[in-house]
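Keep the structure open beside you as you read.

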Amino acid sequence: MSHRMARIERRDKRMSVIRVALLLLIVLIAIGSVYKLGNSAIIAINKLGRDIRLVEYGTIEDKLDGKAIVLNQEKMTLAQYEGHFENMVKENEKIGKGTLLGYYVNAQGKASLRAADSGVFVRHTDGLEEVFKNIDLQAVTPEVFKYKTTRVSEDQPIQPGQPVYKIVDSLVPTCLLVCFPLNDIQFEIKDQSKVKVLLAGKELDKATIVEMKQDFGELIILLKLDSFSDTIINQRYIEVAVVFDSDTGFLIPENALVENEGKKGVYCSIGEFTKFKPVDIIKVKGDIVVVKGLDKNDFIVTNPPDKI
C-alpha cells in the first residue's frame with residue numbers, strides 16, 4: 001500500500017471516531033434536555049392547583065360594636081324662678097370654683113351666678129343627668145339605651161326647677177355603659193380586664209371593665225376610661241367599638257397549616273421548589289391563624305397536601 005493510501009485510511013478512521021464522538025455528545029445532550037423537561041414537568045404537575053400567595057402581616061382583634069351611654073360627674077344649677085340666663089363663659093370652658101358664669105335675668109333685675117365647683121361649664125343639659133347619677137348596674141335594663149334626651153329651649157323663659165347649666169367634674173374619669181347582643185360574642189370577656197374603646201374608628205381611650213351582667217339577651221358592661229374625655233362631654237348616647245384583645249403577627253389561612261415531623265408549619269414556595277417552615281401559633285380566630293416564624297417576603301402555599 002502506498003504512503004498516500006495509508007494517510008487517507010488513517011484520516012478516514014479519525015473522521016469516523018470524531019463522528020461517533022459527536023453522535024454520542026448529541027445523544028447525551030438530548031437525554032439531559034429530556035431529563036430537565038421531565039423534572040420541570042413533574043414540578044409543574046406537583047404545583048398544579050396550588051394557591052401560592054405572599055404572606056400577610058397584620059392584627060386580628062376580638063372586637064364588638066355597641067351603643068354606649070356617657071356617664072360623668074355632673075352637677076346642675078336649677079332655676080329658682082322664671083327668667084333667662086346670660087352666660088359669660090364659653091361652652092365647654094374649664095372654670096374654677098367661684099368663677100362668674102353669667103347672670104340670671106327676669107323682670108325684677110339680674111343676679112350673678114358663680115361656679116359652686118371647678119370643672120367644665122356646659123350650658124346645655126339633656127334631662128338625663130339625674131337618671132344616670134350614681135347608677136346601679138344591677139338595676140339597669142336594656143331599656144335605658146332607649147331613653148330620650150330633652151333640652152330646655154333658649155328661646156323660652158327658664159321655668160322654676162328647670163336646669164340653667166351644669167358643671168362636669170373633669171378630674172373624674174368618664175365612664176361608659178355599653179350594651180352588646182349576646183349572640184355577637186364569640187370569645188371570653190373577663191371582669192376587670194383592660195380594653196380599648198374606639199369612636200368613629202379612632203381610639204377614644206383605654207378603659208377597665210368595672211362590672212358587667214347579662215340581661216334580656218344582652219351583655220351590659222360598665223367601663224371606666226383611663227381619663228376624663230372632653231371629646232364626648234356634650235353627648236349622652238354614642239356608637240362605639242370595644243377591642244377586648246388583639247394579636248399581631250403573620251396572618252395565614254388555617255388550612256395552610258400542616259404538620260411535619262411533629263411540628264406545625266407551612267410550605268413556602270422558593271423558585272420551582274417548596275420548603276417546610278415551622279411556625280409558632282399565637283392565636284386562632286375563625287379560619288385565620290396568627291403565627292410567628294415567617295418572613296415578610298415568604299410566599300406560602302395556602303392549600304397544601306399533607307406533604308409536598
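How many cavities of 30 Å³ or more does the structure hold? The count comes to one. A word on the background: this is a predicted model, in which local features need pLDDT of at least 70 and side-chain atom pairs count only at pLDDT 80 or more, while totals for chains, interfaces and linings use all residues. Residues are numbered from 1 along each chain as its sequence is written, and side-chain values use heavy atoms, with hydrogens and water left out.

**Cavity and pocket**

Lining residues have an atom within 4 Å of a point. Grid points are joined across faces, edges and corners, and a volume is the space filled by probe spheres set on the points.

The largest cavity holds about 30 Å³ of space. Around it you will find Arg123, His124, Thr125, Val152, Pro163 and Val164. This lining divides into three nonpolar residues, two polar and one charged. Here Ala, Val, Leu, Ile, Met, Phe, Trp, Tyr, Cys and Pro count as nonpolar, Asp, Glu, Lys and Arg as charged, and the others, Gly among them, as polar.

The largest pocket has a volume of about 510 Å³. Its lining is made of 27 residues, and Asn72, Gln73, Glu74, Lys133 and Asn134 lie nearest the centre. Strand 2 (56-71), strand 3 (74-78), strand 9 (163-168) and strand 13 (218-225) are the elements that give two or more residues to this lining; strands are DSSP runs of E with at least two residues, numbered from the N terminus. Strand 3 supplies the largest share, four residues. By type, the pocket lining has 13 nonpolar, five polar and nine charged residues.

**Rings and charges**

The structure holds nine aromatic pairs. Rings of Phe, Tyr and Trp (its six-membered ring) pair if their centres lie within 6.5 Å; planes under 30 degrees apart count as stacked, over 60 as edge-to-face and the rest as tilted. Two of the pairs are set out here.

| Pair | Type | Centre to centre | Between planes |
|---|---|---|---|
| Tyr57 and Phe250 | edge-to-face | 5.0 Å | 75° |
| Phe187 and Phe244 | tilted | 5.7 Å | 50° |

Tyr57 in strand 2 and Phe250 in strand 14 (residues 237-253) are 193 residues apart, so their pair links distant parts of the chain. Tyr57 is partly exposed, with a relative accessible area of 46%, whereas Phe250 is buried at 8%. Buried means under 20% relative accessible area, exposed over 50%, and partly exposed in between (1.4 Å probe, protein chains only).

Elsewhere, ring pairs join Phe85, Phe121 and Tyr165 into a cluster.

Two lysines sit over rings as well. The charged end of Lys67 is over the ring of Tyr237, 4.9 Å from its centre, and Lys110 lies over the face of Tyr103, at 4.5 Å from the ring centre. The rule asks for NZ of Lys or CZ of Arg within 6 Å of the ring centre and within 35 degrees of the ring normal.

**Cysteines and backbone**

How many disulfides are counted? The count is zero, where a disulfide is a pair of cysteine sulfur atoms within 2.5 Å. Cys179 is buried, with a relative accessible area of 11%, and Cys268 is buried at 3%.

Most residues other than glycine have a negative phi. Gln192, in the loop between strand 10 and strand 11, has a positive phi of about 70° although it is not a glycine. Glu261 has a positive phi of about 55°; this residue lies in the loop between strand 15 (258-260) and strand 16 (263-270), and is exposed, with a relative accessible area of 80%.

Notes:
1 Å grid on protein atoms, 1.4 Å probe; cavity = no way out; pocket = protein on both sides within 12 Å on 5 of 7 lines; lining within 4 Å.
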